[in-house]
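Reader: I would like to learn how to read a protein model feature by feature, with the cut-offs behind each term stated as we go. Could you take me through one?

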Amino acid sequence: AHLRCCWPYDELESYLVHFLSDGKIDAQEHEALMQFFAEFAPLGSRSAVGVLERELTVSGVCAMTPEIIFADRLFCFTGTSERGPRTYLVETVEKLRGRFHLRIRDDTDYLVVGADGNPCWAYACYGRKVEEAMKRRRDGHRLLIIHEHDFWDAVEDAA
């Protein structure tokens, strides 16, 4: 549990939960895992470019059961919310003493991925924010990528 906010452990947990939802890891999922492992462990000639960007859904990169703290934390949003415009999300964060920024920064704590849209979209379709968040996590920043549903659950818990 103490590694849930640390890359690559939290990301690996997300992949495994997503991949094992049907009780098995198929060939495509196996290849995606091998390419993920190649990012930080030498696996011969394998490259981490390609499979992960094209074939994982957003649910595969979002943290599983994240602990979300609002006070004095910096939030960024991507995608479209099911519950309203971006201004509504920003107001919600600010009411809970959190902060908001339009872009991913070194001090960003959470990237919230909007839930309104096709759940099969690859995360690259959300634009550069998820890519940037993934890069910063690899560089050691403690940034969580969270799904909008988890965000709203945390809002309800904080109220």
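Author: Let us begin with the inventory: the protein chain holds 6 helices and 4 strands, where helices (H or I, at least four residues) and strands (E, at least two) are DSSP runs numbered from the N terminus. This is a predicted model, in which local features need pLDDT of at least 70 and side-chain atom pairs count only at pLDDT 80 or more, while totals for chains, interfaces and linings use all residues. Residues are numbered from 1 along each chain as its sequence is written, and side-chain values use heavy atoms, with hydrogens and water left out.

Reader: Which pattern does the protein chain follow along the sequence?

Author: Read in that direction, the pattern is α-α-α-β-α-β-β-α-β-α. The strands form an open sheet in the order E2-E1-E3-E4, and the pairing is parallel. Strand E2 (99–100) and E4 stand at the edges, each with a single partner strand, so one side of each is left without a neighbour in the sheet.

Reader: How many bridges join the strands that pair?

Author: The general idea is that strands of a sheet pair through backbone hydrogen bonds, either parallel or antiparallel; here two strands are said to pair if DSSP finds at least two bridges between them. E1 and E2 run parallel and are joined by 2 bridges, with Leu74 opposite Arg99 in E2. Strand E1 (residues 74–78) also pairs with E3 in the parallel sense, over 4 bridges; Cys76 has Leu111 of E3 as its bridge partner, and Phe77 stands opposite Val112 in E3. E3 in turn pairs with strand E4 (residues 144–147), again in the parallel sense and over 4 bridges, and the bridge partner of Tyr110 in E4 is Leu144.

Reader: Are the residues of strand E3 that point each way buried or exposed?

Author: In a regular strand the side chains alternate between the two faces of the sheet. From strand E3 (residues 110–113), Tyr110 and Val112 point one way and Leu111 and Val113 the other, and all are buried, a word that means under 20% relative accessible area, with exposed meaning over 50% and partly exposed in between (1.4 Å probe, protein chains only). E1 is covered on both faces as well, with Leu74, Cys76 and Thr78 buried on one side and Phe75 and Phe77 buried on the other. Across the 159 residues of the protein chain, 42% count as buried.

Reader: Which helices lie across these strands?

Author: Angles here run from 0 to 180 degrees between N-to-C directions, and the axes are lines fitted to C-alpha atoms, for helices over the stretch in contact; contact means heavy atoms within 4.5 Å. Helix H4 (residues 86–95) lies across E1 and E2 and runs at about 165° to E1, whereas H5 lies across E1, E3 and E4 and runs at about 140° to E4. Met134 lies in helix H5 (residues 128–138) and counts as buried because its relative accessibility is 1%. Met134 is 73 residues from Val61 in sequence, yet 8.7 Å from Val61 in space, C-alpha to C-alpha. For the protein chain as a whole, among contacts between residues at least 6 apart in sequence, 74% join residues at least 24 apart.

Reader: Where does Asp72 lie, and what is its phi?

Author: Asp72 is in the loop between helix H3 (51–55) and E1, and its phi is near 60°, a positive value in a residue other than glycine. Asp72 is exposed, with a relative accessible area of 60%. Arg97 can be read likewise: it lies in the loop between H4 and E2, has a positive phi near 65°, and is exposed, with a relative accessible area of 60%.
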